[in-house]
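Hi,

Here's the structure I promised to pass on.

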Amino acid sequence: MSLRGKQANGLVTQQRVLRAAVAQFLEKGCTGTTTADITGAAGIAQSSFFHVFPSKEALLLELVRRMFSGQFALAQQHSGHGAGCRGVADAHLTGSQQAD
């Protein structure tokens, strides 16, 4: 089933924000980048940014989560292991505690 309407638009906006943020963070650093920089690069209003991310820090955590997710998936593909590390990383990024 395909996404329609607001949900699809929200995902498109999220992708635009993520791509723009990566470019801005690489150019200006995380602390040097403002949400205005990100929204300007993404071509969206600041209200649209805050509709998909509550803060710049939440956006950065999502980027880190995606980066680690990709790396653990790649490691698991090559070794057949990695789910345990991925779970620990997810727990740290979401602030939850996980017992092994």
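Let's start with Asp37, which forms a salt bridge with Lys28; their closest N and O atoms are 3.2 Å apart. Keep in mind that this is a predicted model. Asp37 is partly exposed, with a relative accessible area of 21%. That value is not under 20%, so Asp37 doesn't count as buried. Lys28 is partly exposed too, at 37% relative accessibility.

Why can Arg66 and Glu62 be separated by about one helical turn? Because they sit four residues apart in helix α4. Arg65 and Glu62 are three residues apart in α4, which is again about one turn.

Is Glu62 buried or exposed? Glu62 is buried, since its relative accessible area is 15%, and the cut-off for buried is under 20%. Its two partners are partly exposed: Arg65 has 31% and Arg66 has 32%. Other buried residues in α4 include Leu59, Leu63 and Phe72.

One last check on α4, which runs over residues 56–79. With 24 residues at 1.5 Å a residue, α4 should span 34 Å, and its end C-alpha atoms are 35 Å apart, so the two agree.

Cheers

Note on methods. Residues numbered from 1 in each chain as written. Predicted model: local features only at pLDDT ≥ 70, side-chain atom pairs only at ≥ 80, totals over all residues. Heavy atoms only, no water. Helix = DSSP H or I, 4+ residues; strand = E, 2+ residues; numbered from the N terminus. Expected span 1.5 Å × (residues − 1). Buried < 20%, exposed > 50% of the residue type's maximum accessible area, 1.4 Å probe, protein only. Salt bridge = Lys/Arg side-chain N within 4 Å of Asp/Glu carboxyl O.
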